[in-house]
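Here's a quick tour of a protein with its ligand, meant to be read with the model open on your screen.

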Amino acid sequence: MAEQENFLSELTGSFSSPCSENPTVAVMEAAYQHQNIPARYINCDVGKAQLQAAVAGAKAMGWRGFNCSIPNKQAIIEYIDELGTSAKVIGAVNCVIIRDGKLIGENTDGKGFVEALIEQIDINDKSLSLLGAGGAARAIAVESALAGAKSITIINRDKEKGQALADLIKDNTSADAHFVHWTPGISIAEDQDILVNATSVGLDDAEAMPEIDANSLRSALFVADVIPNPPQTRLLRLAEEKGCRTLNGLNMLVNQGALNLTYWFEVEADKAPMRKVLEDLFTG
Ligand code: NDP
């Protein structure tokens, strides 16, 4: 007798707005297909006003989980039953797991970044300078501190945001943290091991460059960029010319897809098909 077909998919997706340019759906569907996971990922245009109803809908339909992006990363916390350690400190959730009707909130921005970073450099006891103090910087600063970095220096234009992030790290982790006000042409201190651009400078513009002193990029400095598109930013190209080891923002994005699989299906991801989708999208 022929085996019974199963026409019921596991459901996952994303709630954000605007969302038409969010490539995560392509990444996740490629991963499901490649790993024979009978699931679908649906990219939903959901803003803050629709979030509560969307969450109730996802629960009612038995979704495994969903991602949240702008403008819902903080707003979703109101509906979460249990927050992961770093999500609690960061104060933002971008990956929700629905288990036994309960919502568990995690933040995979910083985890995706740190996982990519520690594949290339041991961050234990290292000093890390971070350009920016927005959502990505906050997640990276918290996760790097929790992963063992010795000190985090936040370099930002807006003093209040920069100081608040340094205070958050000092108050919630064992890492030391400082704020440095960003003035154009600022030098990266010689005692720093890792420099991370977590600003939006470089997004969709291969020639844009954070206004730092290029001469302070010494070959011993490890330079990372969160910008996924284009992946080879001007900062990274310049750093490579100076002999620095580098890491681009594509890795962070791939790792976030991999973390979705782990959180929702307890499956270890094969990252190759996810990376291929993003490389095709971003490098043509
Ligand atoms: P936010 O808007 O929250 O923060 C932007 C930060 O960039 C602020 O600190 C801002 O400084 C700084 N900034 C913007 N323009 C300049 C400039 N010209 N000079 C100096 N600083 C500047 O954005 P997010 O943190 O959410 O995102 C930042 C970037 O990270 C985006 O480009 C996004 O694509 C990328 N990202 C990548 C991910 C990945 O997986 N690869 C995941 C998440 C984000 P100020 O506070 O002074 O205004």
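## Around the ligand

Helix 8 gives the largest share of the shell around the ligand, 4 residues. (Helices here are DSSP runs of H or I, at least four residues, and strands are runs of E, at least two, numbered from the N terminus.) Keep in mind that this is a predicted model, where local features need pLDDT of at least 70 and side-chain atom pairs pLDDT 80 or more, while totals for chains, interfaces and linings use all residues. Residues are numbered from 1 along each chain as its sequence is written, and side-chain values use heavy atoms, with hydrogens and water left out.

In total, 23 residues surround the ligand, each with a heavy atom within 4 Å of it. The closest are Ala133, Ala136, Lys161, Val226 and Gln256. Sorted by class, the shell has 11 nonpolar, 8 polar and 4 charged residues. (Ala, Val, Leu, Ile, Met, Phe, Trp, Tyr, Cys and Pro count as nonpolar, Asp, Glu, Lys and Arg as charged, and the others, Gly among them, as polar.)

## Polar contacts

Which atoms pair up with the ligand at 3.5 Å or less, the cut-off for a polar contact between N or O atoms? The side chain of Lys161 has an N or O atom 2.7 Å from a ligand oxygen. Val226 uses a backbone N or O atom, 2.8 Å from a nitrogen of the ligand. At Ser200, a polar backbone atom sits 3.5 Å from a ligand oxygen.

On its own the ligand exposes 930 Å², and the protein buries 74% of that (Shrake-Rupley areas, 1.4 Å probe). Helix 5 (135–146) and helix 8 (249–265) are the elements that give two or more residues to the shell.

## Helix 5 and its partners

The axes of helix 4 (residues 108–118) and helix 5 come within 8 Å and cross at roughly 60°. (Axes are lines fitted to C-alpha atoms over the stretch in contact, with angles from 0 to 180 degrees between N-to-C directions.) The two helices are therefore oblique to each other.

Helix 5 also crosses helix 6 (residues 159–172), at roughly 25° with the axes coming within 10 Å. That pair is therefore roughly parallel. (Under 35 degrees is roughly parallel, over 145 roughly antiparallel, 65 to 115 roughly perpendicular, and the rest oblique.)

Most residues other than glycine have a negative phi, and most peptide bonds are trans. A cis bond joins Ile70 and Pro71, with omega about 5°; Pro71 is in the loop between strand 3 (65–68) and strand 4 (82–83). Asn229 to Pro230 is cis too, with omega near 0°. Asp125 is not a glycine, yet has a positive phi of about 65°.

Technical notes:
A polar contact is a pair of N or O atoms within 3.5 Å; within protein, one must be able to donate a hydrogen and the other to accept it, and residues adjacent in sequence count only if both atoms are side-chain atoms.
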